[in-house]
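Hi,

Here is the structure I promised to pass on. Have a look through it first, and then read my notes below.

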Amino acid sequence: MTTGENIQFLRKRDGYTQEGFAEKMGVSRQTISKWESDSCYPEMDKLVLMCEMFHCKLDDLVRGDVQMERAKDTAGYDAHMNTFTKKITVGVVLVMLGVCAMLFALALGIPEPATILPLLVFIAVSLIFFISGGIEHDHFVKKHPEILPFYDDEELDAFRKKFALAISIGIALILLGVIVLIGGTAVIGESTLDVNGRIAGALTGTMLLFITAGTGTLVYAGMQNAKYDVQEYNSENKHEKTKVGQISDTICGCTMLLATIVFLLWSFLGDSWEISWIVFPVGGLLCAVTSTICKLMEKQAETE
């Protein structure tokens, strides 16, 4: 492909009209038309700006075939992101299963101090997946900070259908868990649950199993959705993390550490094993809110 053909392909791929692309480049629409027809050649500063916009290499833009390069996953991005998604999802599910195991241990009549052991075992195993996945992903990002988009429209359309189904299933499973708790409480009676901690633990554990399955489904679907957004991957990894991003990470880390401390103190001192697990989803929700606010602040700062 010629330079002009490459420019035209990348412009259309990213959804720019000639007028819109001309505004981005600071030139007239006629100039864009001349570039794409190879009637004239862009200046070096314009070529560099195009490479930044389209996340491509200068040599590929000028002398290569960006359409052919786009169809190749030379960095192994898809395989890496699939592995990363599985490890993080398994880690999240293991933590929640640990809470389930603790609740069922209470239901079996195991002494309360000993019921913390299953939770700690599950958390320890989950850390293997979290840490290994995080290190591998960090190494991959440093080695491949930019990926040339290669997913075709057919692949993206097929995933969107699966994504919608996965989100629906995840939400349905969580709602089923709530229904189990409400229905079980109505059938057994609140007074019985207050007196019999074993039944309460078994009912809460059953509810949490549904929520665990739903949460795992949502996490997996969400991370796969992020995988297909290659442009967002490039945008996030193009520059070093901003101060706002560093603050977000620090707040989230402190939040989950505090949640663990509160869980242990509440469980041991308050003798509330059947309800103290709630601090973990609350902590996760606070982290999600913090991350969303920080991203909005970053985008606002970029536009100023």
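Predicted model: local features only at pLDDT ≥ 70, side-chain atom pairs only at ≥ 80, totals over all residues.

L257, L258, I261, V262, L265, W266, I275, I278, V282 and L286 make up a nonpolar patch on the surface, and together they have about 850 Å² of accessible area. Two elements give two or more residues to the patch: α13 (243–270) and α14 (279–303). Helix α13 gives the most, with 6 residues. L257 counts as exposed because its relative accessibility is 54%, and the cut-off for exposed is over 50%.

F21 is buried, with a relative accessible area of 0%. Not counting residues up to four places away in sequence, F21 touches I7, R11, Y16, I32, M50, M53 and F54.

**Aromatic rings**

How many aromatic pairs does the structure hold? The count is 9. One of them joins Y16 and F21: the pair is tilted, with 6.2 Å centre to centre and 40° between the planes. Y16 counts as partly exposed, at 25% relative accessibility, whereas F21 is buried.

Elsewhere, ring pairs link Y77, F140, F150, Y151, F159, F163, Y228 and Y233 into a cluster.

**A buried lysine**

Is K227 buried or exposed? K227 counts as buried, because its relative accessibility is 2% and the buried class is anything under 20%. K227 belongs to helix α11 (residues 197–228). Leaving aside neighbours within four places in sequence, K227 is in contact with Y77, D78, M81, N82 and Y151.

**Salt bridges**

Side chains of opposite charge can pair when their charged atoms come close. The count here comes to 7 salt bridges, and I picked out a few for you.

- E19 and R29 meet through their side chains at 4.0 Å, N to O. E19 is in helix α2 and R29 in helix α3, so this pair ties together parts that are 10 residues apart in sequence. R29 is partly exposed, with a relative accessible area of 33%.
- R63 and D59 form a salt bridge at 2.5 Å, N to O. Both lie in helix α5 (residues 58–63), 4 residues apart, which is about one turn of the helix. R63 is exposed at 66% relative accessible area, while D59 counts as partly exposed at 41%.
- K142 and D138 form a salt bridge at 3.3 Å, N to O. Both are in helix α8 (residues 112–143), again 4 residues apart, about one turn of the helix. K142 is exposed, with a relative accessible area of 65%, and D138 is partly exposed, with 39%.

Over to you now. Happy browsing!

How values were computed
Residues numbered from 1 in each chain as written. Heavy atoms only, no water. Buried < 20%, exposed > 50% of the residue type's maximum accessible area, 1.4 Å probe, protein only. Contact = heavy atoms within 4.5 Å. Phe/Tyr/Trp six-rings, centres within 6.5 Å; stacked < 30°, edge-to-face > 60°. Patch = residues over 30% accessible without salt bridge, like charges linked within 9 Å, V, L, I, M, F, W, Y side chains within 5 Å. Areas by Shrake-Rupley, 256 points an atom, 1.4 Å probe, with all protein chains shown as cover.
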